[in-house]
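Reader: I have a model open and would like to walk through it with you, with the cut-offs spelled out as we go. Could you put it up so that we are looking at it together?

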Amino acid sequence: MRKLNCPQCKINRFRVRNKNGDSIVVTVNENLEVVPIYPEMSLEGYDLEVLYCLGCSWQGSPEKLTNKH
Ligand SMILES: [Zn+2]
């Protein structure tokens, strides 16, 4: 499935964070599902509504990666 890219720098890797300040690297697919790049990692407790781009200062929700918004 196609991965969505950062609207600014066009890479497809982002971080999500939890309340403890931990972060893990994820991608977002066409169904706006947030997927950890290491499948064994759990997204439990992570805020999936705020993505932080790995390549630039962009941050935003998965919906903002589509052209519809
Ligand atoms: Zn970016």
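Reader: Where does L32 lie?

Author: L32 lies in the loop between β2 and β3, where the strands (E, at least two residues) and any helices (H or I, at least four) are DSSP runs numbered from the N terminus. This is a predicted model, in which local features need pLDDT of at least 70 and side-chain atom pairs count only at pLDDT 80 or more, while totals for chains, interfaces and linings use all residues. Residues are numbered from 1 along each chain as its sequence is written, and side-chain values use heavy atoms, with hydrogens and water left out.

Reader: What is the phi of L32, and how exposed is the residue?

Author: L32 has a positive phi of about 65° although it is not a glycine. With a relative accessible area of 28%, L32 is partly exposed, that label being the range between buried (under 20%) and exposed (over 50%), computed with a 1.4 Å probe on protein chains only.

Reader: Which other residue has a positive phi of about 70°?

Author: That is K10, which is not a glycine either. K10 sits in the segment before β1 and counts as exposed at 56% relative accessibility.

Reader: Back to the loop, please: is N29 buried or exposed, and what does it touch?

Author: N29, in the loop between β2 (23–28) and β3 (34–36), is buried, with a relative accessible area of 11%. Leaving out residues up to four places away in sequence, N29 touches M1, R2, K3, L4 and V35, where contact means heavy atoms within 4.5 Å.

Reader: Which polar contacts does the side chain of N29 make?

Author: A polar atom of the N29 side chain lies 2.9 Å from the backbone nitrogen of N31, and a polar contact of 2.9 Å joins the side chains of N29 and E33. A polar contact here is a pair of N or O atoms within 3.5 Å; within protein, one must be able to donate a hydrogen and the other to accept it, and residues adjacent in sequence count only if both atoms are side-chain atoms.

Reader: And what does T66 touch?

Author: T66 touches L4 and L32, residues up to four places away in sequence not being counted. T66 is found in the segment after β5 (59–60) and counts as buried at 15% relative accessibility, and its side chain reaches the backbone oxygen of E63 at 2.9 Å.

Reader: Changing topic, which residues are the protein donors of the zinc ion?

Author: They are C6, C9, C53 and C56, each through SG, at 2.2 to 2.3 Å from the zinc ion; donors are N, O and S atoms within 2.8 Å of the metal (3.2 Å for Na, K and Ca), and as water is not among the atoms, sites may look incomplete. In sequence these donor residues follow the spacing C-x2-C-x43-C-x2-C. C9 lies in the segment before β1 (14–18) and C56 in the loop between β4 (46–53) and β5, so the pair ties together parts that are 47 residues apart in sequence.

Reader: How many aromatic pairs does a search of the whole structure find?

Author: The search finds 1 aromatic pair, meaning rings of Phe, Tyr and Trp (its six-membered ring) whose centres lie within 6.5 Å. F14 and W58 form this edge-to-face pair, at 6.0 Å centre to centre and 65° between the planes, the edge-to-face label requiring over 60 degrees. F14 lies in strand β1 and W58 in the loop between β4 and β5, so the pair ties together parts that are 44 residues apart in sequence. Both F14 and W58 are buried.

Reader: Last one: which residues have the most contacts inside the largest nonpolar core?

Author: F14, V16, V26 and L51 do, in a core of 14 residues; such a core is a set of buried Ala, Val, Leu, Ile, Met, Phe, Trp, Tyr and Cys residues joined through side-chain atoms within 4.5 Å. At least two residues of this core come from each of β1, β2 and β4.

Conventions
Phe/Tyr/Trp six-rings, centres within 6.5 Å; stacked < 30°, edge-to-face > 60°.
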